[in-house]
Amino acid sequence: MDVTLSSCMTRLAAIALFSMLGSAACARVPDPETRLEYLSVDEINQRMDRGQLNSVTLLRHLLQRIERLDKNGPAINAIIELNPDALAMAEAMDQERKGGYIRGPMHGIPVLLKDNIDTSDQMQTTAGSPAMVGEPAAKDAFIVERLRASGAVILGKTNLSEWAHFRDPTLPSGWSGRGGQTKNPHLLSGDPCGSSSGSGAATAAGFAPLAVGTETSGSIICPASFNGVVGLKPTVGLLSRSGIIPVTHKLDTPGPMARTVRDAALLLNAMVGNDAADPVEKPHNLEKVDFTAMLRPNALAGRRIGYPAKFDSGNLALLADPQFSRALELMQAAGATLIPVELVDPRSKQVDEAFHMGIKRDLPRYLATRTGIPAQTLEDLVLLNAANVEGHNQDTLIAASKVAFDEPTYNQLWQKIKSENAAVIDQLLATHQLDALVSDVESPALNVVPLAGYPGIMVPSGIDEDGVPTSILFYGPRWSDARLLALAYGYEQASLAWRAPMFKP
């Protein structure tokens, strides 16, 4: 659905709202058919190394595309705010490259951040809530510090389901009071899924090669699936949560969203680090892991992979989800041994109460780090939302403000929930001597994996007859992120299933 711009004046008109591009933009913005928007990080670096591309040119192209497709045309509405400093950052990275200093594979690469991740610049950090609009955060989130150090260019913030979908469960996915409704670029009338809907939609639509989402329970892997991109929910604690608007630190995690597994691994590499403000005990061998090191086309060979038994030969599930069935065939052809298993959801009780207690505990602590915003307490937030009539409720926030909180009870409750969900995965891994498991998007794994705090990576598997992306979820035990990335990469290289969106109505 790209529109070819036939003249220099047309280009300038298309980007008039982005006056920061300057009059020289015309000569340097490439035509859309060059498909810069869908280059991988490696491809971008190769062109930059050859002097065929620089960060400023790439950024201008992406800003033009955002103006054409996010703000106009199909109006995806994935971007809640653009970074006015982005071009200056890109120019600084280009100057470093000209001087022979390249920080690494992320040097000059544009990245979008979900609007619940602090940046100490001119942009807001609001979780999509008008009650949080005011002074920007005083300090970058730890992962943003890491991204800046890697040379990444922070392009902007993405829309989300307000308060990471913990305002009210009846809210449509991808809607926020500040940002409005995000659309799915594959099917505009379809579900973008939440809460990292803007990050998923923006990556799919070619607004940036990389985006960062956050997940408490399904908020990376679901929008990755529905928008047809790769989304990694890391092991809880692998990435720092400092400077991210919380639900509960028992489950919260940021994670990479990209169009390829390797790009997701490169983004993960850039964000990993030891944060004294969010210490989580990790295995010593994780401290210097390169998450791209195991990415080989033959990564599935000799691996034992569990899959939902409903897809065993002769079952109706084969017809209900032919893309997943095809994915299993490709994995087997790539050398994997597939074992049918039954993952039973323990249906943990008191999950809602545990989430409410997490919000009551962690959100006020975050609000205390912010100044110059209307909501300074959870009670302020509830009152401000009540006064701002939007046609939507805030039942989850109200319940969180009223729940009785006790630290030992809170810890015991989450210990029970995480343990019983981890146990069902661990038992399957041990009983069948599995390297990992895979599931379709209708599996209870999409609930069990996040409640266990375990890693999962969603990878595109095709497009269904309605034009909606289909996906396969790889998951495994705690700290198995590198192995899962490798297995997902092996499948990705066998399937080559990613498809650009068609922006169907």
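Ala, Val, Leu, Ile, Met, Phe, Trp, Tyr, Cys and Pro count here as nonpolar, Asp, Glu, Lys and Arg as charged, and the others, Gly among them, as polar. The model is predicted: local features need pLDDT of at least 70, side-chain atom pairs count only at pLDDT 80 or more, and totals for chains, interfaces and linings use all residues. Residues are numbered from 1 along each chain as its sequence is written, and side-chain values use heavy atoms, with hydrogens and water left out.

**Stop 1: the second largest cavity**

Select Asn116, Ala127, Trp163, Ala164, Phe166, Ile245, Pro246, Val247, Ile359, Leu363 and Leu397. These residues line the second largest cavity. Its lining has ten nonpolar residues, one polar and no charged ones. The space inside is about 70 Å³.

The terms rest on a 1 Å grid over the protein atoms alone. A cavity is a set of points where a 1.4 Å probe fits but cannot get out. A pocket is an open set with protein on both sides within 12 Å along at least five of seven lines. Lining residues have an atom within 4 Å of a point. Grid points are joined across faces, edges and corners, and a volume is the space filled by probe spheres set on the points.

**Stop 2: the largest cavity**

The structure holds two cavities of 30 Å³ or more. Go to the largest, with about 120 Å³ of space. Select Asn116, Thr214, Thr216, Ile245 and Asp252: of the 18 lining residues, these lie nearest the centre. Asn116 and Ile245 also line the second largest cavity. By class, the lining of the largest cavity has seven nonpolar, seven polar and four charged residues.

Now show β6 (210-215) and β8 (253-258). Each supplies at least two residues of this lining. Helices (H or I, at least four residues) and strands (E, at least two) are DSSP runs, numbered from the N terminus.

**Stop 3: glutamate 215**

Stay on strand β6 and pick glutamate 215. Is glutamate 215 buried or exposed? Glutamate 215 is buried, at 1% relative accessible area. Buried means under 20%, exposed over 50%, and partly exposed in between (1.4 Å probe, protein chains only).

Select Ile220, Ile221, Lys233, Leu251, Asp252, Thr253 and Pro450. Glutamate 215 is in contact with them, leaving aside neighbours within four places in sequence. Contact means heavy atoms within 4.5 Å. Next, draw a C-alpha to C-alpha distance from glutamate 215 to alanine 164: 8.0 Å, across 51 residues in sequence.

**Stop 4: helix α14**

Move to α14, residues 395-402, and select Thr396, Leu397, Ala400 and Ser401, which are buried. They cover an arc of only 135° around the axis, so they sit on the same side of α14. The arc is that of the directions from the helix axis to the C-beta atoms. Show α12 (351-367) and α13 (378-387) too: the buried residues of α14 pack against both.

**Stop 5: the largest pocket**

The largest pocket has a volume of about 950 Å³. Select Arg241, Ser242, His249, Ala277 and Asp278, the closest to its centre among the 41 lining residues. The elements that give two or more residues to the lining are α6 (142-150), α12 and α15 (407-431). Of these, α15 gives the most, with eight residues. The lining divides into 16 nonpolar, nine polar and 16 charged residues.

**Stop 6: salt bridges**

Side chains of opposite charge can pair when their charged atoms come close. A salt bridge is a side-chain nitrogen of Lys or Arg within 4 Å of a carboxyl oxygen of Asp or Glu. By this rule the count is 19.

Keep α15 in view and select glutamate 420 and lysine 416. Their closest N and O atoms are 3.2 Å apart, in a salt bridge. Glutamate 420 and lysine 416 are four residues apart in helix α15, so about one helical turn separates them. Lysine 416 is partly exposed, at 49% relative accessibility.

- Lysine 71 and aspartate 70 meet at 3.2 Å, N to O. Lysine 71 is partly exposed, at 35%, whereas aspartate 70 is buried, at 2%.
- Glutamate 96 and arginine 103 meet at 2.7 Å, N to O. Arginine 103 is partly exposed, at 32%.

**Last stop: serine 480**

Select serine 480, in the loop between β13 (469-475) and α17 (481-495). Serine 480 is buried, with a relative accessible area of 5%. Not counting residues up to four places away in sequence, serine 480 touches Thr235 and Pro455.
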